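Colleague: Please walk me through the pocket and the charged contacts of this model.

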Amino acid sequence: MRHVKYVFVTGGVTSSLGKGIIAASLAKLLQAQDFRVTIQKFDPYINVDPGTLNPYEHGECFVTEDGAETDLDLGHYERFLNVNTSQANNVTTGRVYKSVIEKERQGEFLGKTVQVIPHITNEIKQRMLLLGNSGNYDIIITEIGGTVGDIESLPYIESVRQLVWELGKANVVVIHLTLVPFLASSGELKTKPTQHSVKLLMESGLIADILVCRSDRPLGKDIRHKIALFGNVNAKDVIESIDVCTIYDVPIKMLEEGLDVQVLKKFNLNPTGQVDLSQWKDFLYRIKNPKQRIKVGLVGKYVELTDSYKSILESFIHAGAQLETQVDVQFIHSEDIDKQSAIDLLQSLHGVLVAPGFGSRAIDGKLIAIQYVRENKIPFFGICLGMQMAVIEYSRNVSGFVNADSTEQNSKTDFPIIDLMTEQKSIATKGGTMRLGSWDCQLVAGSTVASSYNSLAIKERHRHRYEINNDLVGQIKDDNFRIVGTNPKTDLAEVIEVSQHPWFVGVQFHPEYKSTVSQPHPLFVSFIEAGISYKQNI
């Protein structure tokens with residue numbers, strides 16, 4: 001029986017070096033050799049999950065099939081591996097402490113003083129091993145959030161240290177991602193930040209087996225040798241992670257650097273076959289060699305931090321690659337849109353996506369944008385709040401209900417065409433209480449969306465509290481405005497279309513969460529096709 005192997009990825013010097021992409025790239029290389037691999041992330045913040053975090057704080061909140069609100073890195077994991085993650089793949093300090101405190105209240109510790117060691121670290125280790133105990137995987141890759149030296153990260157580093165001894169060195173590999181900056185004033189790559197980072201890791205009792213060094217230029221043999229000496233590793237275990245054009249280049253670079261080979265050697269495992277990345281390389285070729293370009297506007301409230309819409313942006317890349325089209329995304333803050341600026345901002349676009357969001361800020365700009373693209377026949381895609389705004393815009397400007405609104409923005413509206421879902425009205429707490437995860441949807445035959453999916457029965461992921469009000473929607477439906485997708489159990493409207501338009505679709509769910517490199521989401525593909533057609537006909 002094969003023992004499950006564990007890879008831990010830590011980071012040093014600075015945040016945002018790309019631990020998640022390195023973890024996903026390694027997993028891709030191992031998966032291509034027929035190893036059963038999954039990735040999990042342990043985040044040191046005290047929130048139970050990122051569901052209540054402002055997108056400016058933490059980027060987008062990614063939602064899994066089983067309804068977990070998770071870190072955006074889980075989106076990278078799914079997009080690279082084309083394998084679903086779950087509640088077990090993302091753990092936060094808040095969740096760990098919440099569980100330990102609940103156990104203490106229930107008397108599970110038999111009167112002992114509850115401490116970070118062993119109680120918190122035992123809880124962390126149990127969760128680190130959970131996926132491995134399922135029997136579904138050969139290798140578990142765990143990304144430790146934050147940076148070595150952070151106070152919040154110490155319990156996780158200590159837990160990994162304990163697991164190294166409990167599981168044995170043959171079953172655990174520690175990868176440390178660090179930075180080798182170039183100083184223009186001296187014309188040199190500097191290894192000192194890496195040296196200090198490795199030293200901090202060792203002071204915590206953990207020794208890295210492999211060092212992955214981020215840099216904007218090649219390291220060279222001398223630099224690698226120096227890093228190896230100070231890092232207590234072999235020169236072959238110093239892996240160069242040079243800046244690349246796209247995150248999808250990273251698996252190829254890691255293959256060239258032999259990251260997978262070094263990991264497997266330390267596990268005393270032999271590669272099970274040739275690493276077949278032909279499909280991945282074809283995808284990269286299509287990204288870099290498009291036959292045409294289109295411009296798509298992304299209208300949102302959080303455009304200052306593009307990670308707020310990470311899954312949407314990656315979905316455009318996936319769909320564009322399939323269609324050999326470069327999708328140039330123009331970020332448009334909805335606060336900047338009024339009747340006059342809408343013309344300047346939108347008239348040159350070949351498609352407009354109105355993004356998800358919460359709250360009342362900058363709603364008017366979204367409504368103006370939707371009216372403009374509807375009247376000017378520019379392809380439109382509304383997701384979650386974007387779909388709700390499309391319903392309100394049609395209600396006001398076509399159906400004649402000038403006070404139509406959402407009770408999220410206006411609780412006193414006399415025409416609440418968008419309203420809080422019935423089951424949400426008794427819920428007071430915010431965290432993890434929205435309609436979350438995968439839900440069924442039945443599509444209408446002959447609709448644009450049904451043609452895009454080539455199916456009438458679909459399942460998509462949700463994250464919302466408000467829905468189209470079924471008590472009022474009958475008053476705005478006509479031959480042009482149609483409900484073409486509903487939940488078969490609740491009869492809640494999930495998809496709307498405007499028929500007398502080249503492509504006008506709004507969806508209550510989040511299709512961007514399910515788009516992957518190998519399976520671009522059909523709605524994004526169809527939307528980009530509509531944009532290409534629009535460009536050719538103007």
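**Pocket and salt bridges**

Modeller: The place of Ile101 is in helix H4 (helices, H or I, of at least four residues and strands, E, of at least two are DSSP runs numbered from the N terminus). The model is predicted: local features need pLDDT of at least 70 and side-chain atom pairs 80 or more, while totals for chains, interfaces and linings use all residues. Residues are numbered from 1 along each chain as its sequence is written, and side-chain values use heavy atoms, without hydrogens and water.

Colleague: Which element gives the most to the lining of the largest pocket?

Modeller: A pocket is an open set of points on a 1 Å grid over the protein atoms alone, where a 1.4 Å probe fits, with protein on both sides within 12 Å along at least five of seven lines; lining residues have an atom within 4 Å of a point. The lining has 37 residues, and Asp73 is among those nearest the centre. With four residues, the top contributor is H1.

Colleague: Which residue meets Lys41 in a salt bridge?

Modeller: A salt bridge puts a side-chain nitrogen of Lys or Arg within 4 Å of a carboxyl oxygen of Asp or Glu. Lys41 is buried at 7% relative accessible area (buried is under 20%, exposed over 50%, partly exposed in between, with a 1.4 Å probe and protein chains only). Its N to O distance to the partner is 2.9 Å, and that partner is Asp73.

Colleague: How many residues apart in sequence are the parts that Lys41 and Asp73 tie together?

Modeller: Lys41 lies in strand S2 and Asp73 in helix H3. The pair therefore links parts whose separation in sequence is 32 residues.
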